[in-house]
Amino acid sequence: MQDILVAITSVIIFLIVYEVAMYVLAILGSTKLELLSLPDGIKGNVEGLISFIQSIYGKPITLRVWADINRTEWISYNMLLHKPVIIVNLASLIELGKDGYAKVFLAHEVCHIKRKSSVKALIISPLLISLIIPVYMYAIKFTNILLTLATLTCFAITIFITLKFISAYDEFKTDECTAKILGIDYVLKAYNYIASKYGDNKLKQRHYRLPFLITMLIKGELPIEKRIENISKVRGTNLK
């Protein structure tokens, strides 16, 4: 029993250290957005976006941009001992700002911070993954090696799917939080804009052909069409 507890603790510590390391690497791979370095025609727009995220959060948030211009993802971190951070691609921030949709995706990241998504992931993921240890200790007692492998595989897949669904639920609730701030129609308009401008037609078709779970497992993220569907479902309901 003591060996199992030591193994579980070791796995939890390793995964927490890994998550913190990813946060540190993200900070090191980005720079704080400096308004003075932006052209005059863009500076005012970006300054307004910074004021916007500060106003909806009510506390200071650091806006950073990726040093590598090829990194296009927008992410947020809300570590307990550090000011919340949103990291974006500068080119897409400027482009979406011109098109009038940057507020939607910034508000989405602010909602992640409000919901403490990164903190939840830091706690839930290591706890769930560490459960593989006692299952492994139980499964290796089987005399049939195939039964041992099948048990471990099924449990690992179950953990993986559970984490994916937790992530999907968090994304859905974050989308609803965004809609509560900016309005459902505005959020839907922004998501449809992204789907039409950046979405690949073949990819969109594949999203509808494959079950949602398969798509999520393959892509590792929620397809924009599923986000649109979810937001559309809450129209006419009270967003809480």
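The model is predicted, so local features need pLDDT of at least 70, side-chain atom pairs count only at pLDDT 80 or more, and totals for chains, interfaces and linings use all residues. Residues are numbered from 1 along each chain as its sequence is written, and side-chain values use heavy atoms, leaving out hydrogens and water.

Let's start with the salt bridges (a side-chain nitrogen of Lys or Arg within 4 Å of a carboxyl oxygen of Asp or Glu). The whole structure has seven of them, including these:

| Pair | Closest N and O atoms |
|---|---|
| Glu176 and Lys173 | 3.2 Å |
| Glu229 and Lys226 | 3.4 Å |

Asp175 sits in helix α7 and Arg227 in helix α11 (residues 224–233), so their bridge ties together parts that are 52 residues apart in sequence. Helices here are DSSP runs of H or I with at least four residues, numbered from the N terminus. Asp175 is buried at 0% relative accessibility, and Arg227 is buried at 13%; buried means under 20% relative accessible area, exposed over 50%, and partly exposed in between, with a 1.4 Å probe and protein chains only. Glu176 and Lys173 both belong to α7 (residues 145–182), three residues apart, about one turn of the helix.

Now for a contact between helices: Ile4, Ala7, Ile8 and Val11 in α1 meet Ile133, Pro134 and Met137 in α6, where contact means heavy atoms within 4.5 Å.

Finally, Lys116 lies in the loop between α4 (102–114) and α5 (117–130). Lys116 has a positive phi of about 55° although it is not a glycine, and Lys116 is partly exposed, with a relative accessible area of 42%.

Conventions: Helices (H or I, at least four residues) and strands (E, at least two) are DSSP runs, numbered from the N terminus.
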